[in-house]
Amino acid sequence: RGRLKIAVAVMAARCRLAARFHHIHGTNVRLDASRTRATRVESFANGLCFSQEPLAPGQIFLVEIEEKELGWCGHLRVGLTAHDPQSLEVVPEYSLPDLVNMGDTWVFAITRSHNRVTVDGEEARVRSPAWEPFLLIERVRIPRDTLVGRSRPGRYSHILDDLYKANVLPATARRSRIGVLYALQRDGTADMHIIINGEDMGPSARHLPTSRPLYAVVDVFASTKSVRVIPVEYGFPSLQTLCRLVIQKHIVHRLAIDGLDLPPPLKSFCQHE
């Protein structure tokens with residue numbers, strides 16, 4: 001039990017570090033001061049971003065689509081890479097095919113109908129009910145509530161949100177939440193999983209090497225203009241999270257938080273759950 005508590009604490013610490021973007025990014029990307037929001041300011045390309053830290057096994061890097069831009073074809077792209085962003089002489093213009101062609105990179109485009117593909121002989125995976133409180137992937141247990149996007153983000157009474165209850169928010173819609181993680185396998189390799197609004201799409205890539213650190217890749221491409229990193233807690237809720245829950249319980253709309261006498265970082269944390 002003691003080892004489990006230590007493992008949870010280590011995971012929580014790593015999650016706090018990785019839940020922001022790396023300072024190395026595409027030329028058309030602008031990060032906010034907290035490095036949790038990435039916006040492509042022009043064109044449709046050069047929107048490549050990375051996680052600040054390499055991910056631990058089972059650690060999800062989750063982003064929410066905040067802004068869309070009409071007039072472009074194509075959507076958000078996510079995945080993993082074994083390339084340390086700091087080592088890149090030039091950040092590639094595209095994740096697909098440029099970064100992938102460098103090798104040791106696995107990136108997929110998020111589409112409106114993201115289909116799961118099974119290996120020959122493998123039975124179709126049974127979907128877990130959307131109301132189950134945790135998403136289970138291999139031995140990883142993630143609170144589902146954080147993973148699911150809200151179609152009415154301005155209100156905290158999301159139990160009234162029909163799309164939240166039905167879990168049918170389109171994958172590329174504004175406020176949709178997309179995550180990526182890797183799960184260790186018995187042969188020492190890893191499978192990459194893409195999570196869309198709380199649903200595991202199944203292994204998108206198999207037999208990833210684990211001898212090198214793996215960073216999350218987020219390509220703010222084409223019709224996706226801005227995304228925000230959503231922190232995910234695996235263990236007991238932090239004091240900061242408990243404060244947020246109390247504040248949200250007494251606030252109907254997130255804009256009302258601006259008028260509260262709270263430290264700016266706590267206000268931001270409460271407004272972007």
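Predicted model: local features only at pLDDT ≥ 70, side-chain atom pairs only at ≥ 80, totals over all residues.
Let me begin with a pair of strands: β3 and β12 run antiparallel and are joined by 3 bridges, where strands, like helices, are DSSP runs numbered from the N terminus (E, at least two residues, for strands; H or I, at least four, for helices), and where two strands pair if DSSP finds at least two bridges between them. Within that pairing, Cys49 has Val218 of β12 as its bridge partner.

Residues are numbered from 1 along each chain as its sequence is written, and side-chain values use heavy atoms, with hydrogens and water left out.

As for the protein as a whole, it has 6 helices and 13 strands, and of its 273 residues 49% count as buried, meaning under 20% relative accessible area, with exposed meaning over 50% and partly exposed in between (1.4 Å probe, protein chains only). If we take contacts, that is, heavy atoms within 4.5 Å, between residues at least 6 apart in sequence, 68% of them join residues at least 24 apart.

Returning to the sheet, the pair I opened with belongs to an open sheet of 4 strands, in the order β3-β12-β5-β6, with antiparallel pairing. Its edge strands are β3 (48-50) and β6, each of which pairs on one side only. On average, neighbouring strands of this sheet are turned by 20° against each other, direction ignored, the axes being lines fitted to C-alpha atoms, for helices over the stretch in contact, and the angles running from 0 to 180 degrees between N-to-C directions.

What, then, pairs with β5? Strand β5 is joined to β6 (residues 105-109) by 5 bridges, in the antiparallel sense, and Leu80 has Trp106 as its partner in β6. With β12, too, β5 pairs antiparallel, over 5 bridges, and here Val78 stands opposite Val218. Of the 5 residues of β5, 5 are buried, and both faces are covered, with Arg77, Gly79 and Thr81 on one side and Val78 and Leu80 on the other.

In soluble globular proteins, nonpolar side chains tend to be buried together. The largest core here has 32 residues, and those with the most contacts inside it are Phe21, Phe61, Val63, Val218 and Val227. Among the elements that give two or more residues to this core are β5 (77-81) and β12 (215-219), although β10 gives the most, with 4 residues. A second, separate core of 12 residues includes Leu135, Ile195, Val232 and Tyr234.

Is Leu96 buried or partly exposed? Leu96 counts as partly exposed because its relative accessibility is 28%. Not counting residues up to four places away in sequence, Leu96 touches Arg77, Val107, Phe108 and Ala109. Leu96 and Asp219 are 123 residues apart in sequence, yet their C-alpha atoms are 9.0 Å apart in space.

Conventions. Core = buried A, V, L, I, M, F, W, Y, C linked by side-chain atoms within 4.5 Å.
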